Amino acid sequence: MNVRKFTANTSREALRMLRDALGADAVILSNRNVGGKVEILAMADEAISAIAPASSDEAPVPEVPRFAPRLSPQFQSDEPLIRPRAFERAVEAPASVPTFKAATGASGFASEIEAPVSANELNDVMSEIRSMRSMLESQLAEISWTQTQKRQPQKAEILRELLATGFSASLSRYLVEKLPEAGKLENGLDWIKNVLTRNLSTIDNENEMLEKGGVYALVGPTGVGKTTTTAKLAARCVMRHGPSKLALITTDGYRIGGFEQLRIYGKILGVMVHAVKDEADLRIALSELKNKHTVLIDTVGVSQRDKMVTEQVAMLSGTDTPVKRLLCLNATSTGETLSEVVRAYQGNGLAGCILTKLDEAATIGGALDIAIRQKLMVYYVASGQRVPEDLHIANKLYLIDRAFKLKRETAAFRYLDEELPLLMAGAGIAGAAAGKSGRAGQEVSLG
């Protein structure tokens with residue numbers, strides 16, 4: 001077998017070496033990461049055809065199995081050696097090791113079968129079987145997507161558009177698989193946009209927050225614009241109800257100038273700013289401000305991997321007054337980072353999210369992907385530093401349309417035709433693994 005191995009720093013480079021050496025019809029046998037590099041095993045298409053046996057040359061199936069142990073005369077009867085019910089119980093036993101006790105007069109063959117198999121050996125065998133199954137699934141998925149590209153090129157083009165907007169490979173794969181036979185590229189894209197719009201949740205109008213009032217806490221990692229967004233919301237509340245109906249609270253006692261920044265905004269708006277240190281202070285402050293129509297809490301920014309996130313969630317959830325937490329998501333972050341942020345700040349439930357720095361994002365598909373996947377209600381989008389002009393109510397039609405207009409135009413970040421099957425195969429296997437492990441939020445589920 002003329003199996004060739006290609007090793008390179010990136011998948012693209014390895015695929016180019018493979019194509020140059022074996023041609024475009026080469027068959028990829030496996031791909032994996034070895035020592036930080038990508039290793040691909042492949043064969044030429046002609047070599048596969050050469051080793052494939054002709055149908056007429058296939059060996060006939062013997063009528064009697066080759067493995068036919070000789071039995072003693074006392075066992076040569078019509079009764080089965082092992083009754084079905086007993087066999088089922090043996091299979092259902094979780095840690096039992098199969099043994100065969102049929103050898104009263106048997107020879108050395110019986111002693112070999114009765115030899116126990118260690119748990120480590122069983123685990124090694126199962127690991128090998130799982131590895132082979134994963135490799136076969138990957139190969140079949142690649143072949144399937146290669147055939148899809150040839151039969152339905154418009155689907156491949158739509159898939160490339162979705163990936164260029166920043167949507168995840170798993171969501172893009174799910175949508176393209178569900179895409180009906182649209183015929184034209186424009187019809188397919190319209191169907192995709194309608195599905196995404198239907199599954200993106202946004203508030204209908206500002207009354208959801210400004211008229212109903214309540215206590216809202218803006219949470220999120222450092223540098224996502226929580227203080228500026230708090231000031232923008234405060235300005236909208238003051239314009240709607242006046243400064244007497246609003247109170248501002250900050251828990252930011254770590255950042256230099258953090259309290260001063262919000263105090264200056266409060267002074268401009270005519271609203272008092274209260275600083276709290278812990279849960280007891282917050283409980284007292286909320287009790288004193290219970291006559292206010294709206295209370296906005298500006299929290300300290302904490303990395304999603306910091307243990308303080310849990311303490312912050314507990315502090316906001318431990319008060320007597322219900323606190324609705326709005327997660328600020330930086331639209332310039334990647335989908336993987338935003339997914340980590342949502343999982344860290346999820347706690348016992350988020351009221352919704354605010355997309356910030358929309359004006360700085362090259363693509364916003366990743367942020368919308370997380371909002372759709374995690375079923376987060378998008379309240380506002382922030383697109384600048386001006387208070388309060390640069391805060392807008394989230395409009396799902398506008399956001400989806402903007403996502404497709406902000407596509408990746410840089411060649412280095414666009415996927416080539418030969419890379420799509422490999423990418424989609426990996427997305428399919430990752431999605432199946434996430435589903436089996438029960439990781440919430442990894443599976444795609446659209447209405």
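**View 1. A salt bridge between R173 and E177 in helix α7 of the predicted model.** The side chains of R173 and E177 meet in a salt bridge, with N and O 3.4 Å apart. Both residues belong to helix α7 (residues 169-178), where a spacing of four residues separates them by about one helical turn. E177 is partly exposed, its relative accessible area being 43%.

**View 2. The salt bridge of R240 with E211.** The closest N and O atoms of this pair are 2.6 Å apart. Because R240 lies in helix α9 (residues 226-241) and E211 in the loop between α8 (185-199) and β4 (214-219), the pair ties together parts that are 29 residues apart in sequence. R240 is partly exposed at 35% relative accessible area, and E211 is partly exposed at 36%. Both residues also take part in a network of salt bridges that links them with E206 and R236.

**View 3. The salt bridge of E340 with R305.** Here the closest N and O atoms are 2.9 Å apart, and the pair links distant parts of the chain, with E340 in helix α13 (residues 335-345) and R305 in the loop between β7 (294-298) and α12 (308-317). E340 is partly exposed, at 24% relative accessible area, whereas R305 counts as exposed, at 65%.

**View 4. An open sheet of three strands in the order β1-β3-β2.** The pairing is antiparallel, and β1 (4-8) and β2 (27-34) stand at the edges with a single partner strand each, so one side of each has no neighbour in the sheet. Five bridges join β1 to β3 (residues 37-43), and R4 has A42 in β3 as its bridge partner. Helix α1 (residues 11-22) lies across β1, β2 and β3, running at about 145° to β1.

Definitions and conventions. Residues are numbered from 1 along each chain as its sequence is written. This is a predicted model: local features need pLDDT of at least 70, side-chain atom pairs count only at pLDDT 80 or more; totals for chains, interfaces and linings use all residues. Side-chain values use heavy atoms; hydrogens and water are left out. Two strands pair if DSSP finds at least two bridges between them. Helices (H or I, at least four residues) and strands (E, at least two) are DSSP runs, numbered from the N terminus. Contact means heavy atoms within 4.5 Å. Axes are lines fitted to C-alpha atoms, for helices over the stretch in contact, and angles run from 0 to 180 degrees between N-to-C directions. A salt bridge is a side-chain nitrogen of Lys or Arg within 4 Å of a carboxyl oxygen of Asp or Glu. Buried means under 20% relative accessible area, exposed over 50%, partly exposed in between (1.4 Å probe, protein chains only).
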